[in-house]
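These are my notebook entries on one structure. I record what I looked up, entry by entry.

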Amino acid sequence: MPQLFAYTDGACSGNPGPGGWGALLIARDGDTVLKERELCGGEPDTTNNRMELLAAIHALESLSRASEIVVVTDSAYVKNGVTGWIHGWKRNGWKTADKKPVKNAELWQRLDAAQARHRVEWRWIKGHAGHAENERADELARRGMAPFKAARQPG
């Protein structure tokens, strides 16, 4: 039975600064790659956490039908947030335990809606540790950031 994976990553030059997100979607049957799709984009003034969230959001939103998918991220912020913290935030009206507004709440809400259509397994892996698909997601994030970073360079 084919399996679908999304490898996601975010990048930022300065934090905040120009940033990019990347997602590599791979459909596999065992060790055989059936199909791949690359997604990337960026923003002129953002944070790394926002880019990590947008990578996962775009990966899930890009699926045309409800799917079983494994999302692999090197962001503990995304993995811990979506599998744990989000439940309390929703219960508390998008406030943290100490009653402060949740940072990036609109993106967390978008991620929550995007994942609701699917059966998602979230996995965390160590970034920049030689994991081929994570490295490709990082390259996509840098590609997404490139036009915004170039626009900041003195001409």
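I call a residue buried under 20% relative accessible area, exposed over 50%, and partly exposed in between, with a 1.4 Å probe and protein chains only. I worked on a predicted model, in which local features need pLDDT of at least 70, side-chain atom pairs count only at pLDDT 80 or more, and totals for chains, interfaces and linings use all residues. I number residues from 1 along each chain as its sequence is written, and side-chain values use heavy atoms, with hydrogens and water left out.

Entry 1, Ala 141. I found Ala 141 in helix α4; helices (H or I, at least four residues) and strands (E, at least two) are DSSP runs, numbered from the N terminus. Ala 141 counts as buried because its relative accessible area is 0%. I then listed its contacts (heavy atoms within 4.5 Å). Leaving aside neighbours within four places in sequence, Ala 141 touches Asp 9, Gly 10, Ala 11, Gly 20, Trp 21 and Gly 22. Its C-alpha atom is separated by 8.5 Å from that of Thr 8, 133 residues apart along the chain.

I found a bend of about 40° at Ala 146, with Pro 147 following within four residues. The bend is the angle between axes fitted to the seven residues ending there and the seven starting there.

Most residues other than glycine have a negative phi, and most peptide bonds are trans. I looked up Trp 94, which has a positive phi of about 60° and sits in the loop between α2 (76-91) and α3 (105-116). Trp 94 is buried, since its relative accessible area is 17%. His 128 also has a positive phi, near 55°, in the loop between β5 and α4. His 128 is exposed, because its relative accessible area is 54%. I recorded a cis peptide bond between Asn 15 and Pro 16, with omega of about 15°; Pro 16 is in the loop between β1 and β2.

Which residues of α1 are buried? I listed Met 51, Glu 52, Leu 53, Leu 54, Ala 55, Ala 56, Ile 57, Ala 59 and Leu 60.
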